[in-house]
Amino acid sequence: MKDKRTIVTPEPAAFNPITFNAEICDGCNRCIEVCQVDILIPHPEKGKPPQVLFPGECWYGGCCVAICPKPGAITLNIPLMNRVYWKEKEI
Amino acid sequence: MKDNPCNCREWPYPLLYDKTKEVIADVLILGGGIAGCWAAIAAAKKGVKVAIVEKGATIRSGAGGSGCDHWESAATNPCSRISPEDLSYAMIEAHNGYNNGISHYIECREGYDRLLDLEKMGGKIRDSENEFKGAEFRDEKTKFLFAYDYKNRFTLRVWGTTFKPALYNECRRLGVAIFDRTMATSLLTEGGEQSTRIVGATGINSRTGEFFIFKAKAIVLCMSRPTRIWLFSPGLPGISEFRPPQCTGDGHAMGWKAGVEFTMMEKSVRGEWSGERSFPPYATGNTHNTWYACSMVDAEGREIPWADREGRILTNISQRYRPATGQKFFLKGGGEPDFPVYKYQGPDILPVQELLNKGFKLPFYADLTRMPEHERKAIWGLMVGEEGKTNIPVLKAYINEGFDPEKHLLQSYGEGWRSGAFLPQERQLFGLPGGIINDWRLRTNLEGLYAAGDQLFASNCHGHAAATGHYAGRHAAEYSKRAFETRIDMHQALEERSRIYSPLKKNEGIGWKELNMRISRLMQHYCGEIKSEELLKTGLGLLKKIRNEEAQELTAHNPHEMVRALEVMNILTNAEIILHASLARKASSKHLHFYRSDYPENDPLGWHKFVTIKLEKNEVATGEKPLDYYGSLKDNYESYNSNYMKEQQQ
């Protein structure tokens with residue numbers, strides 16, 4: 001069995017699904033508890049933004065953003081290849 | 001970061017690999033999504049002790065946990081002009097019989113009851129703020145908003161982002177014990193034997209690694225359908241498919257090992273959705289489902305014509321929401337058949353090839369500016385906003401980027417509701433795929449074991465998950481009240497414990513993503529669009545080799561990775577089930593999207609039936625059932641549910 005003091009490193013991300021604004025986020029960790037894929041972990045220091053440990057596993061559901069009580073603290077970044085084109089209608 | 005350049009840190013949760021927790025419940029619900037929560041609520045209301053085991057977070061877990069824009073088949077709502085019988089038989093006929101008559105009748109018969117329950121729990125199901133007052137899809141008395149067929153009014157537009165937290169709170173209010181971040185890993189059976197009564201389950205916590213033994217008189221399987229069988233992205237595993245990445249067919253895999261009987265597992269369709277291979281669901285312009293019936297224009301701004309089932313061009317937008325002359329009703333939304341059946345075929349835009357022949361130029365764009373205000377707001381703001389993953393990733397993200405539905409044209413990237421093209425071998429269990437075969441109690445072939453939602457064969461949609469969840473939960477509760485006490489076979493539980501922890505015992509080996517990719521690519525090669533005895537048998541042989549050799553090298557470094565590794569083992573089991581089922585049907589079938597090059601004739605005489613498959617003494621046993629094995633829908637329903645009918649009347 002593995003050692004009980006397991007060391008982890010955030011997986012190198014091909015994509016960064018979630019970013020935090022440390023100025024706004026107060027580390028309440030609600031986003032961690034609502035994430036059904038469990039990709040976030042609490043910051044070792046209380047009051048700081050969570051860490052994205054498994055970025056590739058994000059389902060991009062947005063529940064983390066929806067539950068956040070501090071607007072702007074957390075951003076869901078849609079992968080660039082999924083950005084959809086729109087244009088102004090010519091009248 | 002500067003003090004810790006590798007950004008490494010200790011695992012944030014206590015590690016309890018050496019701990020075992022025993023939990024006792026009357027009814028155990030495996031999977032806390034839509035079906036699971038409804039099963040728990042129904043069972044708890046029967047006064048029995050209920051526990052939910054959920055791999056994610058019950059408050060939002062499941063494919064419909066983040067939202068739901070429309071509630072299909074609410075045939076008993078006061079505005080409906082279609083009976084549950086007419087609607088169910090239409091759904092069966094539209095799929096040429098390959099449908100779950102029992103579960104869809106339950107959906108049609110009880111779906112509306114569940115909506116009313118949801119409202120009492122705090123879910124929003126009507127336009128109480130009169131935002132859509134005067135709209136032709138609104139009933140002014142009930143304030144219900146309808147979708148698709150405005151004449152017959154059996155599908156409601158709803159505010160589904162409010163649903164899952166309401167269900168979660170109701171579970172808690174009723175005293176349901178919720179075990180979040182806990183993966184159910186196996187079923188425990190009487191005497192540890194296959195094909196016997198179910199007496200419990202095992203689980204593992206994905207944060208602490210703690211092992212669980214759940215003892216229960218009845219279990220309801222609510223763990224959705226398998227994904228990542230053919231489609232897997234190691235870079236973006238979370239959006240390999242449509243459903244959440246943790247829907248890995250855990251329930252199918254544990255059921256299979258216990259001896260549960262499945263049907264239609266040979267059915268897979270060419271990929272329709274994957275965030276990695278196409279765009280996120282409902283994020284691009286189209287005319288289907290959430291976007292029904294949005295106007296579209298071509299590259300030069302010419303409006304794309306809509307036609308009725310006869311090909312007659314519709315002259316106004318309102319006609320897109322009405323049956324054709326002489327037609328009683330039509331089927332649209334998630335339950336729309338893959339191959340249109342004239343009787344139930346609704347309005348649509350002309351096929352793309354026909355449009356190109358007529359001189360329309362690609363690309364096409366959704367043009368919300370052409371829609372009447374109420375329709376525009378119903379699509380953009382209500383349905384795009386309340387459906388699945390549309391609230392934050394589409395509605396709010398696009399608004400933030402400056403998208404204005406009154407000014408902009410949103411590009412379409414695929415035919416129908418798709419937003420990309422897939423290769424023939426890139427397949428999915430989608431639409432109405434296979435699953436567990438059920439009786440009129442939604443019981444499996446094993447005593448004490450029930451199933452609901454997408455774990456049932458030929459299942460889909462939020463309302464179906466809710467209705468079948470509630471139904472299975474109350475029948476499981478009734479069974480648990482008269483069932484004898486059970487005993488766990490500790491040898492079976494401890495064997496499972498040893499299996500679970502084995503990836504943790506290796507420091508080096510194969511990671512879960514590499515093994516998933518191996519299986520998915522193999523399935524593309526040996527169980528793609530064209531199937532044959534030789535391909536399928538070779539595929540099975542290779543899967544066996546993976547199980548005996550490569551999978552033995554699976555490694556994990558923490559409880560989270562351990563759960564991911566166990567999931568891939570379930571994907572492997574599901575791949576085996578699919579290959580066995582594909583071997584068992586020695587005939588091609590149009591409606592099952594099933595092509596055997598060695599049996600090329602579609603649906604030949606004698607093969608219009610369910611082929612069933614299960615393990616018996618660890619050998620694959622196949623069987624068959626007539627497509628109408630469920631008998632009269634109304635009569636059987638009423639004979640099995642007299643208590644429920646009395647309760648509802650009160």
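Which residue of strand E3 in chain B stands opposite B:Leu30? Keep that in mind, everyone, and I'll get to it after a word on what we have on screen. This is a predicted model, and I'd like to walk you through it piece by piece.

So, back to the opening question. B:Leu30 stands opposite B:Val53 in E3 of chain B. B:Leu30 belongs to strand E2, residues 20-30 of chain B, which pairs in the parallel sense with E3, residues 50-53, over 4 bridges. E2 also pairs in the parallel sense with strand E10, residues 211-221 of chain B, and there we count 10 bridges. If you want a place to look in that pairing, find B:Lys21, which stands opposite B:Phe212 in E10. And here is a handy rule for looking at any of these strands: side chains in a regular strand alternate between the two faces of the sheet.

The largest nonpolar core has 212 residues, and B:Val27, B:Ile219 and B:Val220 are the ones that touch the most other members. Helix H14 of chain B, residues 559-584, gives this core its largest share, 14 residues.

Let's follow H14 to another part of chain B. This helix lies across strands E11, E23 and E24, and runs at about 130° to E23. Those strands belong to an open sheet of 4 strands, in the order E19-E11-E23-E24, with antiparallel pairing. E19 and E24 stand at the edges with a single partner strand each, so one side of each has no neighbour in the sheet. E23, residues 610-616, pairs with E24 over 7 bridges.

E4 and E6 are joined by 2 bridges, and B:His70 has B:Arg157 in E6 as its bridge partner.

How does chain A compare with a compact globule? Its radius of gyration is 16 Å, well over the 12 Å that the globule rule gives for 91 residues, so chain A is more spread out than a compact globule. Its C-alpha atoms fill a box of roughly 65 × 30 × 20 Å along the principal axes. Buried residues make up 42% of chain A.

Last stop: where the chains meet. Here 51 residues of chain B are in contact with 42 residues of chain A. On the chain B side, strand E1, helix H9 and strand E17 each give two or more residues. By class, that side has 24 nonpolar, 19 polar and 8 charged residues. Strand E6 of chain A, residues 86-88, runs antiparallel to E17 of chain B, and 3 bridges join them. To find the spot on screen, look for A:Lys87, whose bridge partner in E17 is B:Leu409.

How values were computed: Residues are numbered from 1 along each chain as its sequence is written. Chains are lettered from A and ligands numbered from 1 in the order in which they are written. This is a predicted model: local features need pLDDT of at least 70, side-chain atom pairs count only at pLDDT 80 or more; totals for chains, interfaces and linings use all residues. Two residues are in contact if their C-beta atoms, placed from the backbone, lie within 7 Å. Ala, Val, Leu, Ile, Met, Phe, Trp, Tyr, Cys and Pro count as nonpolar, Asp, Glu, Lys and Arg as charged, and the others, Gly among them, as polar. Two strands pair if DSSP finds at least two bridges between them. A nonpolar core is a set of buried Ala, Val, Leu, Ile, Met, Phe, Trp, Tyr and Cys residues joined through C-beta atoms within 7 Å. A residue is buried if 20 or more other C-beta atoms lie within 10 Å of its own, exposed if 12 or fewer, and partly exposed in between; C-beta atoms are placed from the backbone. Axes are lines fitted to C-alpha atoms, for helices over the stretch in contact, and angles run from 0 to 180 degrees between N-to-C directions. The radius of gyration is taken over C-alpha atoms; the globule rule is 2.2 Å times the number of residues to the power 0.38.
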